[in-house]
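Welcome, and have a look at the model below. The briefing that follows goes through its domains, its chain contact, a sheet and a helix pair.

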Amino acid sequence: MKSAAFEYTRAASIGEACELLARHGDGAKLIAGGQSLVPMMAMRLVRPASLIDINEIAALKFVAAENDAVRVGACTRQAVVERDGALAARVPLLRQALAWVGHAQTRNRGTIGGSLAHADPCAELPLAAQVLDARMVLRASSKGKRTLDAASFFTGAMSTAIRADECLEEIEWPVWRESRTGSAFTELCIRHGDFAVVAAAAQVALDDSGRCVRAAFGLAAVGQTPLAFPNLAAGLVGNSLTEDLIRAAANDAADACEPGSDLHASAEYRRHLAAVLAARALHAAHEKAKAS
Amino acid sequence: MSGTLHLIEVDVNGKRRVAQVPARLSLVDWLRDELRLTGTHVGCEHGVCGACSVMLDGEAVRACLMYAVQAHGHRVTTVEGLARPDGTMSPLQDAFCEAHGLQCGYCTPGMLIAAQALLDANPRPTEVEIREAIGGNLCRCTGYQQIVEAVRLAALRVE
């Protein structure tokens, strides 16, 4: 359980990290919090020739509120984001998702960008990003910056559209301006802090009469990437969110999933959970929106 | 290049430590094998059990999920750093003894670090907050009840 040997460089700036990536090519990996990468290296599931450490780059650690988004530096620790009350008020789903992520010790070290770049299909932060359609800002030394929305960022299990010479620099989390907005995150896991068997997230906004004016929801651990259901969510808009309507949307989402079987749950059980948890998340988000 | 050594300078329990380390050396192996600070335990070596918890700049982290080279320029507190300067035990350590917060002792250094980090940030935690703080630390003996009681006892005493 010891990592194989690797070459180590501590990058002092984003520019230097990008240059090192370009120079080392495929054999190099960025290390942020290391809470997923180091266990994989200890188990020799990955064996990078070179690690580029981005932990000391201050420019990758920030939370900046804009009009319609909150920008979060990729190397911002999960615990820092979790404690940020102003951020939680504007993007409540982020704090709700983080409550399910690992443990205090791993959130103190683990980063927002690291979890997204790792792209575990069972992970909470990728699901929150997919549901809110967060935007990932990527930088390469030669080509400058490009921005991808979550739908095009997650390409498969543990894989993203980040190119070998690119560094995830920041994540833009959309802020919903509707005053009556509620969100919720729920999951089933064997023990709290473990990987989700299935996770669900939802956010809804209501008008003064209580009709849904905007909705988003999604599921994790039931496909190769976290899944959002924009068409099903659009079907909720304009309606009063009755239990029947919520259950129908949740069932349709579960039908659209492609869950796998493993030691913890069969595909059938995961599909059942997907319907139950999606309905619970939508219901809880609706209740919060009504109360706001 | 795999044999390259990196010069690090780390504040460990208030003492400046300078060393040459290979990149692949984990922080916990450096603390135990090189500095002989064997209070920090190694359990699973992949971030599951919490036995290797130390504080990095005052916050609890898993020392098996960091390389020693990454601690350069930082402050590390191990279980050896919790005792009072005269070597007597801290209020939290005393509370663990009194409340029987341990049996075999393997998880104890990690539990103490997790609990001390909690008390430093939140001197009057609720039971839920105590359980959340030690949620990443596995204990196979106590059933956790006495550990929770020990942390609560320490919080009452320090008040």
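Two residues count as in contact if their C-beta atoms, placed from the backbone, lie within 7 Å. By that rule, 20 residues of domain 2 of chain A are in contact with 21 residues of domain 3 of chain A. Please keep in mind that this is a predicted model, in which local features need pLDDT of at least 70, side-chain atom pairs count only at pLDDT 80 or more, and totals for chains, interfaces and linings use all residues. Residues are numbered from 1 along each chain as its sequence is written, while chains are lettered from A and ligands numbered from 1 in the order in which they are written.

**Domains of chain A**

- On the side of domain 2 of chain A that touches domain 3 of chain A, helix H5 (92-98), helix H8 (124-132) and strand E8 (154-156) of chain A each supply at least two residues; helices (H or I, at least four residues) and strands (E, at least two) are DSSP runs, numbered from the N terminus.
- H8(A) brings the largest share of that side, seven residues.
- By class, that side of domain 2 of chain A has 14 nonpolar, five polar and one charged residues, where Ala, Val, Leu, Ile, Met, Phe, Trp, Tyr, Cys and Pro count as nonpolar, Asp, Glu, Lys and Arg as charged, and the others, Gly among them, as polar.

**A sheet in chain A**

- Five strands of chain A form an open sheet in the order E4-E5-E10-E6-E7, with antiparallel pairing; two strands pair if DSSP finds at least two bridges between them.
- Strand E4 (63-65) and strand E7 (144-149) of chain A are at the edges with a single partner strand each, so one side of each has no neighbour in the sheet.
- On average, neighbouring strands of this sheet are turned by 25 degrees against each other, direction ignored; axes are lines fitted to C-alpha atoms, for helices over the stretch in contact, and angles run from 0 to 180 degrees between N-to-C directions.
- E4(A) and strand E5 (residues 69-73) of chain A run antiparallel and are joined by three bridges, and A:Val63 has A:Val72 in E5(A) as its bridge partner.
- Helix H1 (residues 14-24) of chain A lies across strand E6 (135-140) and strand E10 (166-174) of chain A, at about 130 degrees to E10(A).

**Where chain A meets chain B**

- The contact takes 24 residues from chain A and 24 residues from chain B.
- Strand E1 (7-10), helix H2 (37-42) and helix H6 (104-109) of chain A each give at least two residues to the side of chain A that touches chain B, and H6(A) has the largest share, five residues.

**A helix pair in chain B**

- Helix H3 (residues 108-121) and helix H5 (residues 145-158) of chain B pack at an angle of about 40 degrees, with their axes 11 Å apart.
- H3(B) and H5(B) are therefore oblique to each other; angles under 35 degrees count as roughly parallel, over 145 as roughly antiparallel, 65 to 115 as roughly perpendicular and the rest as oblique.
- B:Met111, B:Ala115 and B:Leu119 in H3(B) meet B:Ile147, B:Val151, B:Ala154, B:Ala155 and B:Val158 in H5(B).
- The residues of this contact of H3(B) with H5(B) divide into eight nonpolar, no polar and no charged.
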